[in-house]
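Me: Please work through the following model with me by question and answer, taking one feature at a time.

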Amino acid sequence: MLQVLTRQLVNQRDHAFLWAPVFVGLGVALYFQLKFEPDRSVAYIALCVMMILLTVVRRVSDGLRVLVIGGALVIGGFGLAGVRTHSVAEPVLGFRYFGPIEGRIVEIDRSQYSAVRLTLDTVVLERMQTDRTPAYVRVSLHGDQGHIDPAPGQTVIMTGHLSPPSGPVEPGGFDFQRMAWFEGLGAVGYTRTPVLLARPSAERRAGLLVYRIRTAISKGVQSRIDGEAGAFAAAIMTGDRSAMGQDSLAALRASNLAHLLAISGMHMGILAGFIFALVRYGLALWPWAALRLPTKKIAAIAALIVAAGYLALSGGNIATQRAFIMVAVMLVAVLCDRRALTLRAVAIAALIVLIVRPEALFGPGFQMSFAATTALVGAFGVLRQLDTTAVPRWINSIGAVFVSSLVAGLATAPIAAFHFNQIAQYGLIANFLSVPLMGTLVMPSAVLAAVLAPIGLAGVGLWLMGLGLSWILGVAHFIANLEGGVRHVVTPDPLVLVLICMGTLFVIVWHGALRWSGVLPLIMGFTFWQVAERPVFLASDSGSLIGVMTPLGRDVSKESGENFAASSWLENDGNPVPQDVAFGRDGLVEEGRVVRARIGMTDVVNVRGAMALAALEGCGGGDILITNQPVTTPRDCMVYDINTLRQVGSLAGWLENGELRLVSVRDQTGDRLWNTQSVRRRQTPLTQLFMAR
């Protein structure tokens with residue numbers, strides 16, 4: 001058996017590089033799964049160990065060489081994640097703040113509920129030392145804000161509420177704290193008072209200049225293209241989604257067309273491919289250039305420059321950076337006289353992303369883009385071996401569109417369902433009707449508008465672009481309104497997604513008959529998903545909301561309020577009904593501001609408000625007491641008061657032998673940098689001198 005395994009590993013020697021990002025990703029995942037924070041020195045030691053192993057690998061036998069390299073890459077991935085985590089350390093607000101806020105606007109977007117949000121740097125908070133002040137804060141604007149037109153570079157002041165970034169709404173849920181840590185976001189909040197301009201924008205920084213250009217282009221596009229089509233055009237040209245309506249966003253998600261809205265690999269690839277073809281065939285029409293110049297390489301350089309400009313113009317978010325890296329790798333392959341679309345190019349791009357941003361491994365964008373690209377390259381590699389010379393070219397073209405939509409849809413569907421709890425049943429039809437138009441009309445029209453803008457004829461390209469986007473929005477709304485168009489699914493254990501992804505990778509990447517053994521983890525993953533169970537009990541980290549599973553679905557303790565936590569629970573249950581519908585499903589007993597639940601043999605009492613807690617005798621007959629108030633006197637039960645919940649996070653409960661077993665967020669995540677709050681900003685003497693001024 002050992003000899004067979006050794007022979008299989010040796011046979012993969014020519015394709016071993018394709019597994020490099022997988023092993024690095026395993027190391028990254030290992031680091032983030034730890035329940036304690038390794039010291040920075042551990043990360044550097046891990047990188048040194050990786051280098052040592054890679055140095056001595058030539059001295060080991062062929063059978064062990066692959067294993068040694070794999071182990072070195074796992075250790076390296078662990079070290080990269082550690083270095084990245086410590087290098088982005090910035091102060092995090094450790095308490096709830098109310099008072100004056102001053103800062104410079106560096107980004108403007110909209111919240112989930114369409115409120116304008118300002119991201120501020122150079123923040124000043126009342127009675128807070130500079131080295132304890134967050135590097136960035138994000139403030140949502142509510143109420144009448146007609147006194148100012150926010151613009152990048154402006155310094156503004158306001159009176160508002162700030163809080164530390166919140167943790168997952170349930171154990172195992174999306175960790176906003178961790179995402180905020182890597183963005184340098186140390187506090188989030190809101191203001192209901194008018195924002196005032198302290199100082200107009202006077203800086204000439206390149207970043208702010210590009211942002212102003214981006215904002216101007218977005219407004220110009222929306223003024224030329226009416227309605228949602230104009231907002232859609234602004235989103236794919238500049239990354240500004242602030243004008244998109246909630247109905248359109250919901251329709252795009254329900255029809256599996258939301259990927260057309262984000263500036264991702266498809267947009268970057270279409271743009272680069274169009275520029276590449278335009279320059280190459282344009283030079284081919286000039287005989288002197290066609291005979292004397294390397295037109296293919298010139299076209300690749302032109303496409304790379306335009307893609308870099310698109311990256312800068314779009315705001316350079318993580319998804320767009322990842323898309324640019326993938327396109328850049330493929331264009332560099334052209335410059336080096338290599339095939340652009342290969343699994344090796346995809347592996348190089350994935351490695352670069354993991355080295356630069358190891359935390360991207362857990363994002364749906366990284367997972368979906370590389371899943372789609374890997375599946376497409378693998379599928380078309382098989383199709384290239386087929387003899388299709390007898391098939392008319394137009395049938396080949398239609399078949400290529402159909403196959404690409406099918407393969408990309410199948411590759412990304414499990415990941416989208418895992419993260420967003422829904423499957424677009426007719427997503428293939430929607431993509432077949434929309435994606436070709438994006439490549440043949442929308443993106444070329446955007447380029448045409450950019451080329452004609454200096455002579456005042458951008459409207460020609462924008463008009464064509466508006467036609468294409470209106471069609472895509474029409475398809476999205478039509479598909480979303482079909483009966484049974486969306487199927488909701490529960491959120492399974494993360495192991496399910498790991499099994500599905502690793503099984504698919506093994507089938508695509510492994511060479512030899514053993515590749516088909518990857519079907520086994522695929523089957524196991526989908527089987528575990530079908531039998532996935534949700535917690536019978538959930539409690540928010542505020543102590544004000546609990547939810548109990550009933551035969552009708554989850555019963556939540558509040559008809560309104562804390563709707564983000566409630567809606568997230570219901571979505572993860574695969575039953576995203578409105579909160580007021582989930583309220584009163586007979587799983588909870590309401591007694592004013594006291595809510596009782598009987599779960600198996602365990603009685604849970606939830607108390608909201610100081611007066612209700614003061615009137616409660618002991619634990620009110622419960623085995624577990626959860627409250628949004630501090631408990632200062634001993635109680636004869638298990639107590640989760642507001643102070644405890646702020647430390648351990650939200651709670652989930654499962655029945656074991658009739659008893660309710662509670663697990664907190666902190667039980668699962670442990671004590672990591674992003675959830676242990678306040679970190680002092682390290683300052684060099686030069687920085688201290690500057691701040692003193």
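**Cysteines and helix packing**

Me: Is Cys637 buried or exposed?
Reply: This is a predicted model, and Cys637 has a relative accessible area of 17%. A residue counts as buried when that value is under 20%. Cys637 is therefore buried.

Me: What is the handedness of the disulfide of Cys619 and Cys637?
Reply: The sulfur atoms of Cys619 and Cys637 lie 1.8 Å apart, and a disulfide requires a pair within 2.5 Å. The torsion about the S-S bond of this pair is about -85°. The disulfide is therefore left-handed.

Me: How many residues apart are Cys619 and Cys637?
Reply: The disulfide of Cys619 and Cys637 links distant parts of the chain. Cys619 sits in the loop between helix 22 (610-615) and strand 15 (624-627), while Cys637 belongs to the loop between strand 15 and strand 16 (638-640). Their separation in the chain is 18 residues.

Me: What is the relative accessible area of Cys619?
Reply: Cys619 is buried, and buried means a value under 20%. For Cys619 the relative accessible area is 2%.

Me: In which class of accessibility does Cys501 fall?
Reply: The relative accessibility of Cys501 is 28%. The class between buried, under 20%, and exposed, over 50%, is partly exposed. Cys501 therefore counts as partly exposed.

Me: What is the relative accessible area of Cys48?
Reply: Cys48 is partly exposed, a class that lies between under 20% and over 50%. Its value is 46%.

Me: How are helix 14 and helix 18 oriented to each other?
Reply: The axes of helix 14 (residues 364-383) and helix 18 (residues 494-509) come within 10 Å and cross at roughly 25°. Angles under 35 degrees count as roughly parallel. Helix 14 and helix 18 are therefore roughly parallel.

Me: How many residues in the contact of helix 14 with helix 18 are charged?
Reply: From helix 14, Gln367, Thr374, Ala375 and Gly378 meet Leu497, Leu505 and Ile508 of helix 18. This set divides into four nonpolar and three polar residues, and the number of charged ones is none.

Me: How are helix 7 and helix 17 oriented to each other?
Reply: Helix 7 (residues 227-238) packs against helix 17 (residues 458-480) at an angle of about 105°, the axes being 9 Å apart. Angles of 65 to 115 degrees count as roughly perpendicular. The two helices are therefore roughly perpendicular.

Me: How many residues in the contact of helix 7 with helix 17 are nonpolar?
Reply: Among the residues of helix 7 in this contact are Phe232, Ile236 and Met237, and those of helix 17 include Leu462, Met465 and Leu473. The contact also contains two polar residues and one charged residue. The number of nonpolar residues is ten.

Me: Which residues does Phe420 touch, not counting those up to four places away in sequence?
Reply: Phe420 belongs to helix 15 (residues 393-420) and, at 46% relative accessibility, counts as partly exposed. Contact means heavy atoms within 4.5 Å. With residues up to four places away in sequence left out, Phe420 touches Pro364 and Met368.

Me: Which strands are included in what covers the buried residues of helix 20?
Reply: Helix 20 (residues 563-572) has as its buried residues Ala565, Ala566, Ser568, Trp569, Leu570 and Asn572. Their cover includes helix 21 (579-582), together with strand 9 (537-539), strand 10 (546-550) and strand 11 (553-556).

Technical notes: Residues numbered from 1 in each chain as written. Predicted model: local features only at pLDDT ≥ 70, side-chain atom pairs only at ≥ 80, totals over all residues. Heavy atoms only, no water. Helix = DSSP H or I, 4+ residues; strand = E, 2+ residues; numbered from the N terminus. Buried < 20%, exposed > 50% of the residue type's maximum accessible area, 1.4 Å probe, protein only. Axes fitted to C-alpha atoms, helices over the stretch in contact; angles between N-to-C directions. Parallel < 35°, antiparallel > 145°, perpendicular 65-115°, else oblique. Nonpolar A, V, L, I, M, F, W, Y, C, P; charged D, E, K, R; others polar.
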